[in-house]
Amino acid sequence: MKNSRLSLKHPGAANLERRLFLKQSLSIGALSLLAGCELTSDERVQQVLERMSRWNDRVQGWLFDPKKLAPEYAESMITRPFPFNGYYPESDVRVIDETDYKLQLGGMIKERKPWRLPELYALPQVSQVTRLICVEGWSAIGKWSGVRFSDFLQRVGANLTARYVGFNCGDDYYSSIDMATALHPQTLLAFRFADQILPPKYGFPMKLRMPTKLGFKNPKHIMEIFVANDNPGGYWEDKGYNWFSGS
Amino acid sequence: MPNWVRVHPLVVRITHWINALAVLIMVASGWRIYNASPLFESFTFPDGLTLGGWLAGALQWHFAAMWLLALNGLVYVVYGIVSGHFRRRLLPISPRAVLHDIGQALRGKLMHEDLSVYNAAQRAAYLVLILSLILLIVSGLAIWKPVQLQELAALMGGYEGARLLHFFAMGLMVFIVVVHVVMVALVPRTFPTMITGRLKRSA
């Protein structure tokens with residue numbers, strides 16, 4: 001009798017058992033999938049997932065090396081056409097009026113005088129060809145030029161020991177980053193894309209470009225920059241995307 | 001007097017089921033993440049088989065369960081090496097024996113009488129499964145941190161290379177899991193042993 005249940009030489013018995021087992025495992029599978037759908041909307045599960053996301057913020061803060069540079073690429077590798085991304089379709093891109101534009105500064109900053117575009121263009125400019133990685137998974141290489149953000153923050157007397165820098169944008173978008181990333185040498189207040197003044201679809205009049213963070217953390221159409229110790233959150237971050245979202 | 005044979009050690013049973021849960025969450029949420037920007041335009045996963053409801057939800061599941069997968073995997077691998085479990089159960093393994101046993105299995109002739117001894121096809125399958133999971137974790141780290149871990153990402157051809165590798169390692173892993181589950185269905189008495197750890201000797 002030993003192993004008679006196992007032997008495949010008795011197809012009748014084996015088949016019955018197999019069918020029963022498959023039926024059971026299928027219903028277990030279906031149950032767990034159903035439970036999975038319910039689970040996500042369950043508040044306690046949602047709380048655990050949120051807490052894990054905050055834990056991942058901390059881990060990413062530890063992993064972030066303020067001196068580690070993102071890879072730079074040859075200009076021949078720039079993705080053309082460079083994809084548009086935003087929380088609205090490209091046809092709804094906001095056009096910010098240049099004539100009365102002033103960049104507002106707020107929070108823990110000493111000199112809060114608003115900046116006009118020609119004044120910003122007159123600051124020392126640097127360029128980078130880096131990879132933008134979208135939270136969706138795709139990536140594209142682009143060239144951005146502008147002021148090194150750490151230089152700008154120092155120039156306006158921002159409190160560099162504060163924890164966060166927040167951004168309010170002309171397209172009702174908002175976001176915020178950690179101070180360590182704000183001071184990273186490749187974090188740019190960018191005015192140009194591919195050597196041209198940023199067209200509206202890429203964020204005129206300026207975009208914060210950080211190759212060390214996912215695309216949605218790079219705000220466009222910036223109207224106000226402020227420094228704070230309370231996390232200002234963000235448009236996508238408040239909807240459940242990970243706040244740090246570092247690369 | 002029933003005579004019990006010890007088939008699976010406790011650590012292996014616990015880590016097996018935690019791993020099963022973690023892999024289920026990682027695959028179901030990973031498929032949702034894939035769908036947000038498919039690597040292959042004409043291929044997406046049915047939403048009904050995914051977890052998270054939308055991209056942000058799927059990412060929350062994926063980046064929570066990754067800790068479960070990695071820590072549990074670490075316990076299993078350290079145990080497997082230190083206790084000699086890997087050496088005893090998964091080795092030795094020769095390509096010829098693996099091919100022979102796979103051929104036998106395809107003809108429905110492969111026997112698995114002593115459940116505490118894995119045949120060559122099983123050894124190969126479990127080793128490849130372990131390797132594919134390690135590959136998934138390593139390529140996943142490169143996708144998560146393509147700047148901080150850029151040296152690691154560079155080994156895979158950078159961010160986009162790591163993405164491709166992550167996808168194909170998932171495919172390999174899911175294939176072995178499907179074969180594994182089918183084999184358990186064909187030899188159902190193996191199933192309870194992964195819970196109780198033992199088998200009643202009928203002789």
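**Exercise 1.** Find which residues touch the most other members of the largest nonpolar core.

*Solution.* The largest nonpolar core has 38 residues, and I25(B), M26(B), W61(B), A65(B) and A162(B) touch the most other members. A nonpolar core is a set of buried Ala, Val, Leu, Ile, Met, Phe, Trp, Tyr and Cys residues joined through C-beta atoms within 7 Å. Buried means that 20 or more other C-beta atoms lie within 10 Å of the residue's own, with C-beta atoms placed from the backbone. Strand 2 (126–133) of chain A and helix 1, helix 2, helix 5 and helix 7 of chain B each supply at least two residues of this core. Helices (H or I, at least four residues) and strands (E, at least two) are DSSP runs, numbered from the N terminus.

The model is predicted: local features need pLDDT of at least 70, side-chain atom pairs count only at pLDDT 80 or more, and totals for chains, interfaces and linings use all residues. Residues are numbered from 1 along each chain as its sequence is written, and chains are lettered from A and ligands numbered from 1 in the order in which they are written.

**Exercise 2.** Determine how helix 1 and helix 2 of chain B are oriented to each other.

*Solution.* Step one: the axes of helix 1 (residues 10–36) of chain B and helix 2 (residues 55–82) of chain B come within 8 Å and cross at roughly 150°. Axes are lines fitted to C-alpha atoms over the stretch in contact, and angles run from 0 to 180 degrees between N-to-C directions. Step two: angles over 145 degrees count as roughly antiparallel, so helix 1 and helix 2 of chain B are roughly antiparallel to each other.

Key
Parallel < 35°, antiparallel > 145°, perpendicular 65-115°, else oblique. Buried ≥ 20, exposed ≤ 12 C-beta atoms within 10 Å, placed from the backbone.
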